[in-house]
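Take a moment with the sequence and the model. We will walk through a few places, one at a time.

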Amino acid sequence: MSQVDLNITKINAPEGVYQLRETITLPETVELHPLLGTRICMASIKSDATSTPSNLEKGSSSAKFIDITSSDGNDKFAFLKGGKKSKPQNNVTKTNSQFVSKIVANDQIAKILSQKSPESFYLFYNVGKTLAWTDYLWKLQCPLSVLYIKDAFITCHDVNQVTRETMNSVVGFTSGDILCFWPITGKYTRYNRSGQIQRIPVTSIKWVPGSESYFIAGFEDGSMMVFDKDMEDQGQGISASTDNYLVRPAPKASKSNPRSYWKISKKAITAIAFSPDLQHFAASSLDGTLKILNITTEKLLDVYSSFFGGVTCAAWSPDGRFIIAGSQDDLLSIYAFRGRLLARCQGHYSWPTSISFDQWKCNDRHFRFGSVGEDTRLCLWDFSMSNLRRPKTLSIMRHKSNSEIRGQDGPVVHPPVSKTAVPIIEPVICKSIGQSGLTGILFREDAFLTSDKAGLVLIWDRPAV
């Protein structure tokens, strides 16, 4: 790989110049995993309040931190709710184990959270064995609180967009453990404790959209499990399956997790992406497939194969018409929902690791999305059906009719498609922006964010209007 400029502060694009605003990392040295990187997600909270934390100095020196570790169920931040304790609505017994080393909070957290703007934005990011959250509009280098784990590394996390006032977060680990963490109260609940259900690393985790209680976790063995945060784990491990596709719901009388067990692959689940209508989800796997499933019927609808290699990431377009997947062939593939492969995107020199749509630059005919990869490259892409050019060597429609395998009751299987059979899209921007492999990309109205294996989060302001 060519030498990377570590001092990049600007990215030229057709619409203007993206400017590096800030580089975020924890203010201390933490142990990094050689393969895992930093993942990012955000939550927004709308408030009737109009005051802002004007008495907090954005340029002040490093904040002081206080230990708020709590295993006794006491709410250390009850004063934020008018003196009333804010307890998670669940009946799960809290663990006194040493899995969580400590939770520390910014000593100004009360002022920051009580003086909200009309809409507040919070950034969550993990570094090694730690998970931090910070106010996106305040001083990003000073986390509001940090969760420290004793032994296991964090592999993935997600924040619930329904319970945004408490910002319920789920966190997956290399040990197979899962935490539901309430960052404002400093409380947490542990699931699959020490691999009680199955001792396999969690590789992807998502809240079920629209639900306050349910989340789905993907594992390294190609299984997925649906959990209810308000229920205990079952007392015994789950029996492994060698099936290519299996759905095993919990018995009706069961009051324990998991609520459902899915086996969809023999290799790791790398991403879970829900459709905008909340009726379907896509799951990518290192077995080289992207699978589309119906949430309600629990049926497998489509199986798409990469050109070669595992599928590493996936994202759904804002209107639900398209799914994009990245794979170990260094390509991004664009699929029509319940349809065929439409195009491939060629620009990465190594595996793509994360894809995200820029909803502020998408409409019903044109789509902008971004991707990052192991090659340290950030790529921005423009896609529309009108600008796709049919390959000269082969008719796409003829290839479609000859290759799809349609079972009577089973899924539609889409085998690998030749590179010459579909249009190739080139990026509008493709630039190396660091020394470590990139692991995440996320768009906001004012900027986009990237993360990497070195524990850094970069914020890039959009071009001035």
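Two strands pair if DSSP finds at least two bridges between them. Strands themselves are DSSP runs of E, at least two residues long, and helices are runs of H or I, at least four long; both are numbered from the N terminus. This is a predicted model: local features need pLDDT of at least 70, side-chain atom pairs count only at pLDDT 80 or more, and totals for chains, interfaces and linings use all residues. Residues are numbered from 1 along each chain as its sequence is written, and side-chain values use heavy atoms, with hydrogens and water left out.

Start with a hairpin. Strands β24 (residues 311–316) and β25 (residues 322–327) run antiparallel and are joined by 5 bridges. Ala315 stands opposite Ile324 in β25. Between the two strands of this hairpin lie 5 residues, and Gly320 takes a positive phi near 80°. How many residues of β24 are buried? The count is 6 of the 6, so β24 is largely enclosed by the rest of the structure. Buried means under 20% relative accessible area, exposed means over 50%, and partly exposed lies in between (1.4 Å probe, protein chains only).

Now look for charged pairs. Side chains of opposite charge can pair when their charged atoms come close. A salt bridge is a side-chain nitrogen of Lys or Arg within 4 Å of a carboxyl oxygen of Asp or Glu. The structure holds 15 of these salt bridges. One of them links Arg321 and Asp319, at 3.2 Å from N to O. Arg321 is partly exposed at 37% relative accessibility, and Asp319 is partly exposed at 34%. Another joins Arg444 to Asp446, with the closest N and O atoms 3.1 Å apart. Shared partners join Arg21, Arg444, Asp446 and Asp461 into one network of salt bridges.

Next comes a disulfide, a pair of cysteine sulfur atoms within 2.5 Å. The structure holds 1. Cys379 is joined to Cys430, S to S 2.4 Å. Cys379 lies in strand β30 (residues 377–383) and Cys430 in strand β34 (residues 429–432), so the pair ties together parts that are 51 residues apart in sequence. Is each end buried or partly exposed? Cys379 is buried at 0% relative accessibility, whereas Cys430 is partly exposed at 26%.

Finish at Asp375. This residue sits in the loop between β29 (367–373) and β30. Asp375 is buried, at 1% relative accessibility. A polar atom of its side chain lies 2.7 Å from the backbone nitrogen of Tyr349. The side chain of Asp375 also reaches the backbone nitrogen of Arg377, at 3.0 Å.

Technical notes
Polar contact = N/O pair within 3.5 Å; in protein donor to acceptor, adjacent residues only side chain to side chain.
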